[in-house]
Amino acid sequence: MEYYNYLKSLHLIFVITWFAGLFYIVRLFVYQIEANEKPSPEKEILQAQYKIMAYRLWYIITWPSAVLASIFAFWMLFFTDAGHVWMKMPWMHVKLCFVFLLYLYHGKCHQIFKQLQNDEVKYTNNFMRLWNEGATIILFAVVFLVVLKSAINWIFGVIGIILFSVLIMLGFRFYKRIREKK
């Protein structure tokens with residue numbers, strides 16, 4: 001059982017760095033999209049710098065963290081006694097659905113990353129700000145599921161973060177209108 005705690009610790013460390021990478025990469029997407037609207041030579045200078053930053057973040061932090069978090073998770077779930085117990089719990093099935101959504105989110109971020117690396121801007125910076133909330137909702141759902149160990153009670157936490165996100169977006173729109181009037 002002792003090595004299970006080491007696996008869990010390593011899993012948590014890499015989940016944290018994975019989410020940090022996902023949060024920051026989308027912020028870099030916002031900057032890259034905004035840089036695309038700048039005049040030359042500022043546009044080219046900013047785009048080159050953001051591409052380097054995004055590349056390093058994506059391939060040195062985010063992807064390795066995703067892979068290592070997954071390896072330690074699979075190891076805990078399928079090769080430990082505790083994992084076999086957790087796999088029988090309904091909340092774990094719901095959590096794994098959110099983890100699957102996280103993989104899809106990561107995959108979409110990879111697609112956007114590649115597009116921006118090739119100077120293809122297909123999204124607005126406002127879309128990216130909203131897109132960033134996707135990882136936040138998944139994080140809240142997974143944390144509430146793991147802590148509460150309930151297939152139902154996590155919903156209240158997710159509803160709370162969605163309402164909080166709506167308030168943030170309303171504040172963002174309000175601030176944007178004030179900025180545009182000046």
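**Notes on a helical model and its pocket**

1. Let's start with H11, which counts as buried at 12% relative accessibility (buried means under 20% relative accessible area, exposed over 50%, and partly exposed in between, using a 1.4 Å probe and protein chains only). H11 lies in helix α1 (helices are DSSP runs of H or I with at least four residues, strands are runs of E with at least two, and both are numbered from the N terminus). If you skip its neighbours within four places in sequence, H11 is in contact with A69, F72, A73 and M76, where contact means heavy atoms within 4.5 Å.

2. A quick word on what you're looking at. This is a predicted model, where local features need pLDDT of at least 70 and side-chain atom pairs count only at pLDDT 80 or more, while totals for chains, interfaces and linings use all residues. Residues are numbered from 1 along each chain as its sequence is written, and side-chain values use heavy atoms, with hydrogens and water left out.

3. Which residues does UniProt list for "binding site"? The unreviewed entry gives H11 and K95, and the lining of the largest pocket includes H11 and K95. Please keep in mind that UniProt positions follow the numbering used here, that feature names are shortened, and that annotations may be inferred rather than shown by experiment. K95 sits in helix α4 and is buried, at 14% relative accessibility. Leaving out neighbours within four places in sequence, K95 touches V142, L145 and V146.

4. Now the pocket itself. The largest pocket has a volume of about 730 Å³. On a 1 Å grid over the protein atoms alone, a pocket is an open set of points where a 1.4 Å probe fits, with protein on both sides within 12 Å along at least five of seven lines; a cavity is a set from which the probe cannot get out, and lining residues have an atom within 4 Å of a point. Points are joined across faces, edges and corners, and the volume is the space filled by probe spheres set on them.

5. Who lines that pocket? There are 31 lining residues, and the closest to the centre are H11, M76, K95, V142 and V146. Helices α1 (2–36), α2 (42–79), α4 (90–117) and α5 (125–148) are the elements that give two or more residues to the lining. By type, the lining divides into 26 nonpolar, two polar and three charged residues (Ala, Val, Leu, Ile, Met, Phe, Trp, Tyr, Cys and Pro count as nonpolar, Asp, Glu, Lys and Arg as charged, and the others, Gly among them, as polar).

6. Residues 12–30 are 100% helix and 0% strand, with the end C-alpha atoms 27 Å apart. Residues 154–175 are also 100% helix and 0% strand, and their end C-alpha atoms lie 32 Å apart.

7. Have a look at the aromatic rings. The count comes to 16 aromatic pairs (rings of Phe, Tyr and Trp, with its six-membered ring, pair if their centres lie within 6.5 Å; planes under 30 degrees apart are stacked, over 60 edge-to-face, and the rest tilted). One of these joins W18 and Y103, a tilted pair at 5.7 Å centre to centre with 40 degrees between the planes. Because W18 is in helix α1 and Y103 in helix α4, the pair ties together parts that are 85 residues apart in sequence. W18 is buried at 3% relative accessible area, whereas Y103 is partly exposed at 33%.

8. For contrast, take F72 and W75. Their ring centres are 6.3 Å apart and their planes at 15 degrees, so this pair is stacked. Both residues lie in helix α2, three residues apart, about one turn of the helix. F72 is buried at 11% relative accessibility, while W75 is partly exposed at 36%. Elsewhere, Y55, W58, Y59, W63 and F113 form one aromatic cluster.

9. Most residues other than glycine have a negative phi, and most peptide bonds are trans. Here the bond from S40 to P41 is cis, with omega near 0 degrees, and P41 lies in the loop between α1 and α2. D119, in the loop between α4 and α5, has a positive phi near 60 degrees. K149 has a positive phi of about 50 degrees and lies in the loop between α5 and α6 (154–181).
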